[in-house]
Amino acid sequence: MSVSDKRGKTFFLILSLAPTVLIMFVFSYFALFYCLGVSFLKWNMLGTPRWIGLRNYLQMLTSPEFWNSLKVTVVYALWSVPLCIFLGLLVGLILKSASIGRSFFRLMFFLPVVISMVVASLIWRWIFDPAQGILNYVIYGLGLADRAAPPHWMQWIRDPGGGSMAALLIVGIWKRIGYNGVIFLSGLLNIPNEYYEAATVEGASKFMKFRYITLPLLSPTTFFVMIIQIISALKVSVSPLVLTNGGPVRSTETLVLYIYKEAFENFRMGYASAVAVFVFLFILLFTVLQSIFGEKKVHYQ
Amino acid sequence: MKMTNMTVRRAAKSRQPLSILGYGLLFAFVIIYNVPIFWMILTGFKDSTEVYKYPPTLLPSVFSFKNFIQAWNATPWPRYLANTLFVATAIPLLKIMLSAFAGYALTFKFRGSKFIFLAILGTMMIPEETTLVAKYLVVSKLGWVNTYWALIVPGMVGAFSVFMFRQFFLTMPKELVDAAAVDGCSHFRYMLTVGLPLSKSTALTVGLLSFIDEWNSTLWPLIVINNEKMRMVQIALKAFSDDRGTTWNQLMAGCCFVTLPVLVLFLFVQKKFIEGVATSGIKG
């Protein structure tokens, strides 16, 4: 049974890998194919499942609620991805230049990342409260809106015409900036200082250094952040669940929240699975993009 | 680790500190950025008349714990906190053990080792959110609904932690294993007495990331637990908020209970934690 013992080694390898491989197989790969299988069934958990072929998919493609949740998710992604990248980069740059006390500032930007999405959503629901919330009080105080005729978006989570989506975006971005900032910071610190020194000698301005050194050398990090940001935007679910429960009038009902509601409130397991297969393929598109273009560049310059 | 040291040294060379004004602005900004968290705590201190005062008071007129005590007694928080602590501790410990052994095993070349490694990494391409329904169906077939099994078992494996342990064991000098072989030491004993203790740093990173992840986990416990006694804190908080409506001081007190443990832990280990996130970049 020593290290050099062949049979002992085989036994050891099997025993070391078996639990991980087995659990991953069941809860990832098998679950994925099971999901695909269930998507061909009509099943409410109680009765016997009935094979209905592609009908769930047809129903999905003709359902206004599905298209609505797709639209909500895409709108969320289109706003949150560029904003999270831009603000994250800004935080990364600030953290880099704050060489004294950097760990303190990094910590302060990271606090919202550590608290849970449920807590973050609840705090913001209180801040957004149209009548008693601190946010509207500040907006009035700064004279940004007229107290006598407040614009509809100041109803925040009760306004289906943009206010609820803005609220959802604010929570998501607030919670995400520190995370992206930390990733950008490590990307920035990996750019060799010699480049900047050489540019200084050549008399390059701050902007030129940023444009011709920082941005190109940071592009692998930016690409990586972009992909994980897109994927996380496509999965957004807990914040709308807690903040608005998808409302008002489904204005914040994202794809994953839609799946959750169809499966666990309406018990349409087959239909929910069909939507889940769609979301999986949608996300896979970006994962594949990353593995094609990102692989080598992400880890090394 | 080597990478981080190098970057730190490089950064030290390029030290161009901000001006005093710059630091002042930055400090003001990070305070404003965290206002929601302060607001949660301050609101928790207010009583039910003050919380609805308009214009709102910034600081509570008296810092009294009365509201916290009321909120604490309104729901069996100790039970929920204990549940969550149990699950959020069990998962990291099991994950460290399983991932360390799997990662170590994958440093060897054998038939199928590459395939197994890729298959493990491949699970990262399957987001939890898309397999929720199927996972729930599997768990209910196993009869695990409303049990700790459902909460713990799917969470105790992780592709990225296997990857991190494999990376670590690959950097370990081969002489260590050879020396163990001469002593007639089995791989099991080798791992338990040499491998695992040496991988302390990796284990700590994996453990911390996983603890905070599990403490904050919401969707999965929401689905597999419907027995009140088995609730995890995040779900308890959601239920508490459905229950309390807009009693904001009570709700914010509840948020404090749920956040405090993880916040305190984070303040102690922030460096390790943030560096873990920066190197992994796959969390969230």
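Student: Why are α1(A) and α5(B) called oblique to each other?

Tutor: Their axes cross at roughly 130°. Angles under 35 degrees count as roughly parallel, over 145 as roughly antiparallel, 65 to 115 as roughly perpendicular and the rest as oblique; α1(A) and α5(B) are therefore oblique. Axes here are lines fitted to C-alpha atoms, for helices over the stretch in contact, and angles run from 0 to 180 degrees between N-to-C directions. The axes of α1 (residues 6-38) of chain A and α5 (residues 77-105) of chain B come within 8 Å.

Student: Which residues make the contact of α1(A) with α5(B)?

Tutor: On α1(A) they are A:F12, A:L13, A:S16, A:L17, A:P19 and A:T20, and on α5(B) they are B:L98, B:F101, B:A102, B:Y104 and B:A105. Contact means heavy atoms within 4.5 Å. By class, nine are nonpolar, two polar and none charged, where Ala, Val, Leu, Ile, Met, Phe, Trp, Tyr, Cys and Pro count as nonpolar, Asp, Glu, Lys and Arg as charged, and the others, Gly among them, as polar.

Student: On what basis are these values given?

Tutor: This is a predicted model, in which local features need pLDDT of at least 70 and side-chain atom pairs count only at pLDDT 80 or more, while totals for chains, interfaces and linings use all residues. Side-chain values use heavy atoms, with hydrogens and water left out; residues are numbered from 1 along each chain as its sequence is written, and chains are lettered from A and ligands numbered from 1 in the order in which they are written.

Student: What makes α5(B) and α14(B) roughly antiparallel?

Tutor: α5(B) and α14 (residues 233-244) of chain B pack at about 150°, with axes 8 Å apart; by the same cut-offs, they are therefore roughly antiparallel. B:W77, B:Y80, B:L81 and B:T84 of α5(B) meet B:V233, B:A236, B:L237 and B:F240 of α14(B). This contact has seven nonpolar, one polar and no charged residues.

Student: Does B:K135 count as buried or exposed, and how do you know?

Tutor: B:K135, in helix α7 (residues 132-141) of chain B, has 8% relative accessibility and therefore counts as buried. Buried means under 20% relative accessible area, exposed over 50%, partly exposed in between (1.4 Å probe, protein chains only). Not counting residues up to four places away in sequence, B:K135 touches A:F27, A:A31, B:E128, B:P154 and B:W220.

Student: What share of chain B is buried?

Tutor: Buried residues make up 54% of its 284 residues.

Definitions and conventions
Helix = DSSP H or I, 4+ residues; strand = E, 2+ residues; numbered from the N terminus.
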